[in-house]
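Here is a short report on one protein model. Please keep the sequence and the 3D view open as you read.

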Amino acid sequence: MTGKPKVVVTNPIFAETKALLDQHATVLVNTSLEPWPYDEVRAICADAAGVMAFMTDRIDAAFIADCPKLRVIGAALKGADNIDVSAATDAGVWLTIVPDLLTIPTAELAIGLMLSLGRNIVAGDRSIKARGFRGWRAQLYGEGLSGATVGIVGFGLVGRAIAGRLTGFGCRLLAYDQTPTQKLPEPVPYVTATGFDDLIATSDYVVLALPLTAETQHIIDVRAIAAMKPGARLVNPARGSLVDEAAVADAIERGHLAGYAADVFECEDWARDDRPAHIDARLISPSAPTVLTPHIGSGVTQVRREIELSAARSIIDALSSRVPDGALNNPSLGQRRTSAEPSRYAQPAAY
């Protein structure tokens with residue numbers, strides 16, 4: 001026995017992150033690319049003082065109740081919709097996130113998804129790889145960004161980063177933010193603030209930059225899609241359950257939507273007990289006008305390293321009785337709850 005507190009890391013991490021944690025804790029890391037199942041993580045964490053959590057984890061009230069030594073959950077995430085903030089607070093457990101490091105990589109990927117979808121980049125790549133190339137043909141005409149109206153739903157850190165990177169493309173930029181007055185938090189010279197209904201009705205591209213909450217789940221549903229401009233394209237680099245994927249597939253089949261690009265999917269969202277088990281088969285068909293990436297929004301090597309190190313430092317701070325950076329709660333007055341229903345969603349950070 002080392003006398004150090006136990007810290008569980010639920011996914012593979014960089015050697016630098018492990019070395020930092022090793023100085024302060026006895027560290028158990030999942031070295032497989034396959035996530036541990038919920039019940040297995042819960043059992044492994046039963047005597048842990050700290051957990052570094054990822055998108056693949058669900059930490060609810062029952063999980064926390066089974067971990068009486070738990071003092072901190074360091075989420076290597078921008079949001080924490082898969083973690084019960086209220087249960088953590090009531091149990092005296094710190095919950096931290098990494099609010100800023102994922103912003104620019106996510107915005108960059110959003111631009112890449114827009115270009116790939118509108119200009120048929122993925123379809124062109126598949127065509128050459130399947131049939132070779134014999135020269136130009138009159139095919140795969142798409143939609144560019146120059147002159148297009150791009151509507152950004154959500155204008156926090158990610159929404160603003162997307163807008164800033166689009167200014168050089170010659171777009172007309174609209175933004176909707178969920179404030180009581182439906183106005184942007186502060187004026188942005190090159191962006192026009194508008195209401196949600198106006199944005200989806202007039203945009204050639206609708207880009208989502210929202211956290212997942214009870215209010216934003218399926219913000220793009222059958223009604224919203226019907227109100228969208230015919231031939232519009234939808235881009236989702238934020239959270240899968242912002243979108244009703246079956247409704248999107250229906251709209252693509254009808255020809256109402258010209259395409260869908262996503263880096264996130266409903267099946268990932270552990271906060272939903274009713275989440276679908278798989279991506280709608282119509283969206284992953286090779287012939288579908290979709291561009292789908294496996295949640296690589298923050299997948300920049302140096303960024304991922306810094307995200308892990310930030311989460312590790314927060315864990316170390318909490319275990320050392322210091323207030324950790326990125327804290328979503330203040331559990332200093334919390335009492336371990338004995339019986340309660342978990343809240344459905346965590347309180348979101350500014351997305």
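## The model and its sheet

This is a predicted model. Five strands make up an open sheet, with parallel pairing. Their order is β2-β1-β3-β4-β5. β2 (26-29) and β5 (94-96) are the edge strands, and each of them pairs on one side only. From one strand to the next, the twist averages 15°.

Look next at β1 and β3. Strand β1 covers residues 6-9 and strand β3 covers residues 50-53. Three bridges join the two in the parallel sense. V9 has M52 in β3 as its bridge partner.

## Helices on the sheet

Helix α1 (residues 15-22) packs on the sheet. α1 touches β1, β2 and β3. The direction of α1 makes about 150° with that of β2.

α11 lies across β1, β3, β4 (72-75) and β5. Against β4, α11 runs at about 165°.

## A closer look at α11

An α-helix has 3.6 residues a turn, so residues three or four places apart point the same way.

Is α11 largely enclosed or largely open? Of its 19 residues, 15 are buried, so α11 is largely enclosed by the rest of the structure. S321 follows the helix, and the phi of S321 is positive, near 65°.

## R172 in strand β7

R172 sits in strand β7, which spans residues 172-176. Its relative accessibility is 45%. R172 therefore counts as partly exposed, as the buried class ends under 20% and the exposed class is over 50%.

Which residues does R172 contact, leaving aside its neighbours within four places in sequence? They are A148, T149 and V150. L157 is 15 residues from R172 along the chain, and their C-alpha atoms are separated by 19 Å.

## Salt bridges

How many salt bridges does a search of the whole structure find? The search finds 15. Side chains of opposite charge can pair when their charged atoms come close.

One of the salt bridges joins the side chains of D204 and K229, at 2.7 Å from N to O. D204 is in the loop between α8 (196-202) and β9 (205-208). K229 is in the loop between α9 (222-227) and β10 (232-236). The pair therefore ties together parts that are 25 residues apart in sequence. D204 is buried, with a relative accessible area of 14%. K229 is partly exposed, with a relative accessible area of 31%.

## Further charged pairs

E266 and R272 also meet through their side chains in a salt bridge, at 2.6 Å from N to O. Both E266 and R272 are buried.

D280 and R282 form another salt bridge, with an N to O distance of 3.0 Å. D280 counts as buried, at 18% relative accessibility. R282 is partly exposed, and its relative accessible area is 29%. Which residues are linked with D280 and R282 in a network of salt bridges? D250 and E253 are.

Terms used:
Residues are numbered from 1 along each chain as its sequence is written. This is a predicted model: local features need pLDDT of at least 70, side-chain atom pairs count only at pLDDT 80 or more; totals for chains, interfaces and linings use all residues. Side-chain values use heavy atoms; hydrogens and water are left out. Buried means under 20% relative accessible area, exposed over 50%, partly exposed in between (1.4 Å probe, protein chains only). Helices (H or I, at least four residues) and strands (E, at least two) are DSSP runs, numbered from the N terminus. Two strands pair if DSSP finds at least two bridges between them. Axes are lines fitted to C-alpha atoms, for helices over the stretch in contact, and angles run from 0 to 180 degrees between N-to-C directions. Contact means heavy atoms within 4.5 Å. A salt bridge is a side-chain nitrogen of Lys or Arg within 4 Å of a carboxyl oxygen of Asp or Glu.
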